[in-house]
Amino acid sequence: MNAGSDTAPSALRPGDRVFLIVSADPMRDRVDARRTAVLERRPDMLVVGQPDPAVSKSLLGAVLEVAVFPPTPPGESTCSLPLGYNARVLRFFPSYPSGGKGRPMAALGLTPPPDEGWRPTAIRMQARARVTPEDGLGVIVAGREEAELLDVSGGGALLALSGEAAKGKPLNFELTFPDGGRMPLTATIRWTAPDAGREGRSLAGVQFKGLTIQESRFLSRLAQQILSPCQTTLKSPGQNKTVPWPTTFKTHG
């Protein structure tokens with residue numbers, strides 16, 4: 001995005017890069033995020049160019065998500081976790097001035113961004129994060145004396161379990177968070193292997209079942225937070241709040 005914007009998200013300017021998250025598919029561990037640019041910030045709407053592939057006109061009135069990358073705070077390590085807000089598709093424009101000497105282009109009008117209420121979001125779900133003790137995440141598995149969370153993504157996890165694990169069997173467990181919160185999950189064991197060097201334990205790769213879009217997106221954001229060089233305290237779903245908008249923007253190609 002253009003550097004040096006004002007403190008409010010309403011300062012989005014023509015040319016600023018944004019992503020339109022049209023859909024999320026937890027079963028395929030995929031987010032449909034389409035890159036485009038702001039054409040105009042009007043009082044009644046945010047006008048952006050049609051991305052490629054274009055947003056279908058059948059989505060008029062539907063809610064999608066607008067995501068941007070915040071800047072790195074001064075003096076801190078690079079932080080690339082995107083922020084987003086829910087926007088309704090208000091209008092399709094067959095031809096809209098693109099500013100400068102550019103030709104008019106197809107565009108769509110979206111609910112304008114709020115002054116507050118931007119939250120961490122996910123541009124992709126495929127990120128798989130290795131979990132360390134420093135992350136403070138744990139797992140409680142029904143019927144198992146011991147269990148350990150080794151990695152996590154928006155669609156599944158790798159667990160170390162006491163006893164044997166059988167491929168294709170369902171597994172009920174809870175993620176535990178540093179803030180004391182818990183997130184119940186249901187999964188299917190997709191593969192198993194002996195836990196080398198740890199007698200009586202098994203590795204189990206699991207795929208989450210029955211996730212809502214919000215739950216899958218939360219788990220994907222969790223993985224991205226673990227992978228991020230930012231110092232972030234991991235919070236349970238009930239403790240995740242909106243975040244203040246950063247004071248500046250920066251361009252992401």
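## Terms and model

A polar contact is a pair of N or O atoms within 3.5 Å, where, within protein, one atom must be able to donate a hydrogen and the other to accept it, and residues adjacent in sequence count only if both atoms are side-chain atoms. This is a predicted model, in which local features need pLDDT of at least 70 and side-chain atom pairs count only at pLDDT 80 or more, whereas totals for chains, interfaces and linings use all residues. Residues are numbered from 1 along each chain as its sequence is written, and side-chain values use heavy atoms, with hydrogens and water left out.

## Gln50

Gln50 sits in the loop between strand E3 (46-49) and strand E4 (63-68), strands being DSSP runs (E) of at least two residues, numbered from the N terminus. A polar atom of the Gln50 side chain lies 2.8 Å from the backbone nitrogen of Val55. Contacts (heavy atoms within 4.5 Å) of Gln50, not counting residues up to four places away in sequence, include Phe92, Ala106 and Leu108.

## Confidence

The mean pLDDT (the predictor's confidence in each residue, from 0 to 100) of the chain is 78, and 75% of its residues reach 70 or more. Over residues 1-10 the pLDDT is below 50, and over residues 241-253 pLDDT stays under 50. Where pLDDT is low, the predicted coordinates should not be read in detail.

Key. Helices (H or I, at least four residues) and strands (E, at least two) are DSSP runs, numbered from the N terminus.
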